[in-house]
Amino acid sequence: MAILLKDLVNKNVPLNGGHRMCPGCPTPVIVKQILMSTDHPKVAANATGCLEVATTIYPYTAWNIPWIHNAFENAAATIAGIESAFRALIKRGEIAEDRKQTKFIAFGGDGGTYDIGLQSLSGALERGHNFLYVCYDNEGYMNTGIQRSSATPIGANTTTTPVGKVSYGKKEPRKDLISIVAAHHIPYIASAAPHNWMDTMNKAKKAIEVNGPAFMDVISPCVPGWKIRTDEWKGISEAAVKTCFWPLIEIENGEWRLTGESKKIADGKMEKLPVEEFLKSQGRFKHLFKLENKDVIKLIQDDVDKSWNYYKRMAGYND
Amino acid sequence: MKEIKKSWKNIPIGGNILEAGNSKNYITGTWRTFIPRLDKEKCVNCFQCWMFCPDNSISIVENKMVGFDYDHCKGCGMCVSVCPTKAITMEKEEK
């Protein structure tokens, strides 16, 4: 059944206002889109990160659903433990009938997913727990003061890869987490962007309803980290998809597919924009538009083209 | 709405939070510099602002957009940039 906005607005939002995320942060919107995609009862776990810190400042919590935080590196292990305990309780007959369809969702930032939590994520995926792991990817350790992570793209200015006379920012390309997770051969993997809420919610619905582990990587433009205006993130998320910096991918039972704008671009129905369209409105890439850094933009474009061609090939398109 | 300050005398034993989603008692509206205003004549109730508001500050009553929750709106202006009919405008807030 299609998801309609006029039905959604009458439902309770799982994350209340009054949380202390930055003004104009898309992460609460991502949480809303993921959790409202189905009507199942849900339990959420959180890795340490912006979302965890800012939604649960004592004595307040913004969460309307059962929620747990354990440590930075083990959000996936925590949700796996909850899911196992829940199955044991069902066996003992201690869970009411209307609660048996409870779904388990873990949220982590890119620090808690790409770097620190990768081993626990890999373990939980391998053990085959029935859960969804959502990575809201703001491409850096934004909560602690904008340090680089392995999700930070080439050329980005962060406090640990500062731009100056000798450096143009981060020198290494981002880690391809989608492929790492795909190597676990789990039933459902997707990348999503919050500006295309219909695509994100359809993917979340599939991911939550699938039997077995599922993973979603959602781009989350960061106001202080990417140095953008508070009302800009929707346009930047859109530009990331249209430049193929952030392709919308879906991997269902090993079958790769492109969705949304990415599918249109691969089919030739939409123009693939140059990567400058994505870089130009962000302060963290401002230095790239100086004359001496002209080659770096070409480097980024080559990197984007390389990974876009790889995803296209995997989805069954010929170059 | 006035914020309720809690002292040690009225915090539950063990520091537990007993009410789900009680962050609605915390006022983030004071962060705001610019305030969104709705022109009801132009609004077509597409609810794009509801979808893209990070602070759940769009008030909807009986499938109609009726205004904003100024207690929690941080004034980011996302609703203005997604509104297809330009029914929402930002203005400087007089405190």
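Residues are numbered from 1 along each chain as its sequence is written, chains are lettered from A and ligands numbered from 1 in the order in which they are written, and side-chain values use heavy atoms, with hydrogens and water left out. Because the model is predicted, local features need pLDDT of at least 70 and side-chain atom pairs count only at pLDDT 80 or more, while totals for chains, interfaces and linings use all residues.

**The interface**

On chain B, 36 residues are in contact with 36 residues of chain A (contact means heavy atoms within 4.5 Å). The area buried between the two chains is about 3100 Å², and carbon and sulfur atoms give 61% of it; buried area is the accessible area (1.4 Å probe) that two parts lose on being put together, summed over both. Of the area that chain B buries against chain A, 21% is supplied by Trp50(B), Met51(B) and Phe52(B), more than any other three residues.

Helix H1 (48-52) and helix H2 (78-82) of chain B each supply at least two residues of the side that touches chain A. H1(B) gives the largest share of that side, four residues. Helices (H or I, at least four residues) and strands (E, at least two) are DSSP runs, numbered from the N terminus.

**The pockets**

Rolling a probe the size of a water molecule over the atoms shows where empty space is left. On a 1 Å grid over the protein atoms alone, a pocket is an open set of points where a 1.4 Å probe fits, with protein on both sides within 12 Å along at least five of seven lines; lining residues have an atom within 4 Å of a point. A volume is the space filled by probe spheres set on the points, which are joined across faces, edges and corners.

| Largest | about 440 Å³ | Arg174(A), Asp176(A), Asp303(A), Ser307(A), Tyr311(A) |

The largest pocket is lined by 23 residues. Its lining takes at least two residues from each of helix H7 (177-182) and helix H13 (294-314) of chain A, and H13(A) gives the largest share, seven residues.
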